[in-house]
Amino acid sequence: MDAFGYNIAGGAVLRIGASNVTKNDTAHTENEPAPTGGCLCGGVRYRIRGALRGVIACHCAQCRRTSGHYAAMTSAPSANIELTASDPLRWYKSSDTAERGFCSVCGGNLFWKQVGRDDISITAGTLDTPTHIAIEQHIFVADKSDYYTINDDLPKRQQW
């Protein structure tokens, strides 16, 4: 069992969240297969049923430290995320309110889960292409590092 009480058994296909799939299950057709992704070494692989949220670029100190820059995250209901390979998946409690899922072999930053919420954020860079999503906004821009600027016209929020 991992930090959320999920039974993470290596090699098995399992649902991260509840056993029933949400209404978005039909969002992908034969011509548009369900999004898939995984870490650098392939030890953790996942498939998503239903629609993904647009990407949020988080510039907070924790996301910067786990990603090396800022974290670009999409999300889906946990019931819609299936792990097709998960043996090296580990969870790190990064604060009192959140945990981060990563590969213990290659160090790939894969997931972020807020305690008490059903959605799981997925690092957009771990999705296989084409993703069919785009960055929609920036958050925690007051916490961004000083070595870069945010020059696009997307919404910018000081906090979340």
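## Arg45 and Asp128

In this predicted model, Arg45 is partly exposed, with a relative accessible area of 26%. Its side chain meets that of Asp128 in a salt bridge, at 2.6 Å from N to O. Arg45 belongs to strand β3 (residues 45–48), while Asp128 sits in the loop between β10 (119–123) and β11 (135–139), so the pair ties together parts that are 83 residues apart in sequence. Asp128 also counts as partly exposed, at 31% relative accessibility.

A salt bridge joins the side chains of Glu82 and Arg49, with an N to O distance of 3.1 Å. Glu82 lies in strand β6 (residues 81–85) and Arg49 in the loop between β3 and β4 (55–58); the pair therefore ties together parts that are 33 residues apart in sequence.

Glu82 is buried, because its relative accessible area of 6% falls under the 20% cut-off. Arg49 counts as partly exposed at 27% relative accessibility.

## Lys156 and Asp152

The side chains of Lys156 and Asp152 form a salt bridge at 3.3 Å, N to O. Lys156 is partly exposed, with a relative accessible area of 34%, and Asp152 is partly exposed at 32%.

## Total

The structure holds 4 salt bridges, among them Arg45 with Asp128, Glu82 with Arg49 and Lys156 with Asp152.

Note on methods:
Residues are numbered from 1 along each chain as its sequence is written. This is a predicted model: local features need pLDDT of at least 70, side-chain atom pairs count only at pLDDT 80 or more; totals for chains, interfaces and linings use all residues. Side-chain values use heavy atoms; hydrogens and water are left out. Helices (H or I, at least four residues) and strands (E, at least two) are DSSP runs, numbered from the N terminus. Buried means under 20% relative accessible area, exposed over 50%, partly exposed in between (1.4 Å probe, protein chains only).
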